[in-house]
Amino acid sequence: MDGAFAAGLLVSIITIAIQALGTVVVIKMVRMAAQHLSGRRKIETLVVVMAASGTLLTIFHLLEVMVWAQMYALTGATEPDNIYYFAFVNFTTLGYGDLIPARPWRILGPMTAANGMLLFGWSTAVLFSVLSRAIAQLHIK
């Protein structure tokens, strides 16, 4: 297996583990909120639960981008002052194209993008699940 491909696979596995941890944290937070928040203020409770869920997932995505950035730093795939920018551009699939990684590490860009798409889709599913469950528990019609 190519070194760049193996590095990308390793970082993908690490970020998937971070996302799994984030999902568990969100689920636990929602369960705690369900026990402590009042059912009388249904809309306010829903806003708090969704805002907290979205904020936590965003924090975990930032951690995932940081892991990719560190891989870019370790490999020298791009200049040190561009690692976070490059990681964000790839992870979000924005793809400006103003930076190109060093030739041996070019596969890391598309691997970062594929990983980001997977993890953003996962977060979307978590948010939808949280919203659906909160609406059902709060009996919002």
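1. A word on terms before anything else: buried means under 20% relative accessible area, exposed means over 50%, and partly exposed is in between, with a 1.4 Å probe and protein chains only. Helices are DSSP runs of H or I with at least four residues, numbered from the N terminus. In helix 3 (residues 83-91), the buried residues are Ile 83, Phe 86, Ala 87, Val 89, Asn 90 and Phe 91. Their cover includes helix 2 and helix 4.

2. Now for the provenance. This is a predicted model, where local features need pLDDT of at least 70 and side-chain atom pairs count only at pLDDT 80 or more, while totals for chains, interfaces and linings use all residues. Residues are numbered from 1 along each chain as its sequence is written, and side-chain values use heavy atoms, with hydrogens and water left out.

3. On to helix 2 (residues 42-75) against helix 4 (residues 108-138): they pack at about 165 degrees with axes 10 Å apart. Axes here are lines fitted to C-alpha atoms, for helices over the stretch in contact, and angles run from 0 to 180 degrees between N-to-C directions. The pair is therefore roughly antiparallel; the classes are under 35 degrees for roughly parallel, over 145 for roughly antiparallel, 65 to 115 for roughly perpendicular, and oblique for the rest. The residues of this contact split into 18 nonpolar, nine polar and two charged. For those classes, Ala, Val, Leu, Ile, Met, Phe, Trp, Tyr, Cys and Pro are nonpolar, Asp, Glu, Lys and Arg are charged, and the others, Gly among them, are polar.

4. Helix 2 also meets helix 3, with axes that come within 8 Å and cross at roughly 120 degrees. That angle makes helix 2 oblique to helix 3. On the helix 2 side the contact (heavy atoms within 4.5 Å) includes His 61, Val 65, Trp 68 and Tyr 72, and on the helix 3 side Ile 83, Phe 86, Ala 87 and Phe 91 are among the residues involved. By class there are 13 nonpolar, three polar and one charged.

5. What sits at the centre of the contacts in the largest nonpolar core? Of its 16 residues, Trp 68, Met 71, Tyr 72, Ala 87, Phe 91 and Leu 108 touch the most other members. A nonpolar core is a set of buried Ala, Val, Leu, Ile, Met, Phe, Trp, Tyr and Cys residues joined through side-chain atoms within 4.5 Å. Helices 1, 2, 3 and 4 each supply at least two residues, and helix 2 gives the most, with five. A separate core of eight residues includes Met 29, Ala 33, Leu 57 and Val 130.

6. Trp 68 deserves a look of its own. Leaving out residues up to four places away in sequence, Trp 68 touches Gly 8, Val 11, Ser 12, Thr 15, Ala 87, Phe 91, Leu 108, Met 111, Thr 112 and Asn 115. Ser 12, in helix 1 (residues 3-36), counts as buried because its relative accessibility is 11%. With neighbours within four places set aside, Ser 12 contacts Trp 68 and Asn 115.

7. Two backbone spots to check. Thr 93, in the loop between helix 3 and helix 4, has a positive phi near 60 degrees although not a glycine, and is partly exposed at 40%. His 139, in the segment after helix 4, has a positive phi near 55 degrees, again in a residue other than glycine, and is exposed at 59%.
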